Amino acid sequence: MLQISGITYRYPNATGQQLSVPAFSLARGEHAVILGPSGCGKSTLLHLLAAILTPQQGELRVAGTDLRTLSPRAADAWRGSTVGFLPQKLALVPSLSVRENVLMAAYANGRHADRTRADAVLEALGLGEKANAKPHQLSQGQQQRVAIARALFNHPALLLADEPTANLDDGACAVAIGLLTTQAEQNGASLVIATHDARVLAALPGANLLRLGRTATEAE
Ligand SMILES: Nc1ncnc2c1ncn2[C@@H]1O[C@H](COP(=O)(O)OP(=O)(O)OP(=O)(O)O)[C@@H](O)[C@H]1O
């Protein structure tokens with residue numbers, strides 16, 4: 001599903017260190033956790049895996065596609081059919097209903113807005129009653145579930161989650177990780193979570209670990 005070999009990335013005009021990612025691979029249906037301190041490049045790596053950014057060096061294959069070979073247009077099409085993204089800031093549109101927020105995944109990829117599928121995904125996430133509500137009428141946890149529904153809408157092979165447990169208490173953290181793993185499994189997707197939250201590791205003992213920016217303390 002995912003093969004990384006010797007990739008590096010530096011933002012244009014950036015003065016800081018470039019991101020260097022160790023060799024890593026992930027089989028279909030497996031889970032991975034990208035770990036590391038703030039600023040080490042976890043979000044940047046998720047953007048590389050989603051073909052939003054392109055590495056300057058190295059090999060990066062996701063779901064059989066060599067991401068470096070994609071034109072920007074082909075990358076957009078590939079992302080729409082292959083990747084579900086759960087951003088740290090959920091980016092729900094306040095003026096749209098919960099159902100319409102989920103359907104945005106279809107609009108964004110030029111697909112048919114399948115209301116029945118949107119409602120089925122919302123139902124599976126326990127939000128069947130909330131389809132017509134606006135995001136501000138939902139709790140934080142419910143809003144995150146809407147964003148998970150939106151990420152799953154296009155049947156992605158790869159589900160990427162950026163700091164999904166930031167600002168959650170222990171109970172909500174366990175619920176969020178349980179939801180992500182269950183939904184990834186039910187949808188046949190591989191799950192990659194970027195985090196600096198040790199609770200995620202504890203909740204996913206079988207996950208493959210990819211450590212970035214290892215500090216001396218962590219290395220001990
Ligand atoms: N668009 C950008 N242009 C230039 N530099 C950037 C850009 N985005 C991020 N960076 C820099 O790249 C480095 C990695 O940032 P990134 O957001 O990937 O880290 P992170 O590990 O996800 O951090 P956090 O845990 O705080 O979210 C940081 O030094 C950051 O300042």
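Which residues have the most contacts inside the largest nonpolar core? In this predicted model, they are Ile34, Leu45, Val102, Ala149 and Leu160, within a core of 60 residues. A nonpolar core is here a set of buried Ala, Val, Leu, Ile, Met, Phe, Trp, Tyr and Cys residues joined through C-beta atoms within 7 Å. A residue is buried if 20 or more other C-beta atoms lie within 10 Å of its own, exposed if 12 or fewer, and partly exposed in between, with C-beta atoms placed from the backbone. In soluble globular proteins, nonpolar side chains tend to be buried together.

Residues are numbered from 1 along each chain as its sequence is written. The chain has a mean pLDDT (the predictor's confidence in each residue, from 0 to 100) of 91, and 97% of its residues reach 70 or more. Helices (H or I, at least four residues) and strands (E, at least two) are DSSP runs, numbered from the N terminus. Among the elements of the chain, the highest mean pLDDT, 97, belongs to helix α1 (residues 42–49), and the lowest, 39, to helix α8 (residues 216–219). The pLDDT is below 50 over residues 215–220, a stretch with 2 contacts in the model beyond near neighbours in sequence; two residues are in contact if their C-beta atoms, placed from the backbone, lie within 7 Å. The ipTM is 0.97 and the pTM 0.91.

Buried positions in α5 include Arg145, Ile148, Ala149 and Leu152. The buried residues of the helix pack against β7 (83–86), α3 (98–108), α4 (115–124), β8 (158–162) and α6 (170–186). Leu152 is buried because 23 other C-beta atoms lie within 10 Å. Leaving aside neighbours within four places in sequence, Leu152 is in contact with Gly84, Val121, Gln183 and Asn187. Leu160, not counting residues up to four places away in sequence, touches Leu46, Leu49, Ala50, Val83, Gly84, Phe85, Leu86 and Val192.

Glu59 is found in strand β5 (residues 57–62) and is partly exposed, with 14 other C-beta atoms within 10 Å. Beyond four places in sequence, Glu59 is in contact with Gln3, Ser5 and Gly6. The C-alpha atoms of Glu59 and Ile4 are separated by 5.8 Å, although these residues are 55 residues apart along the chain.

Most residues other than glycine have a negative phi. Asn13, in the loop between β1 (2–9) and β2 (19–20), has a positive phi near 65 degrees and is exposed, with 5 other C-beta atoms within 10 Å. Ala51, in the loop between α1 and β5, has a positive phi of about 60 degrees and counts as buried, with 22 C-beta neighbours inside 10 Å.

How values were computed:
Predicted model: local features only at pLDDT ≥ 70, side-chain atom pairs only at ≥ 80, totals over all residues.
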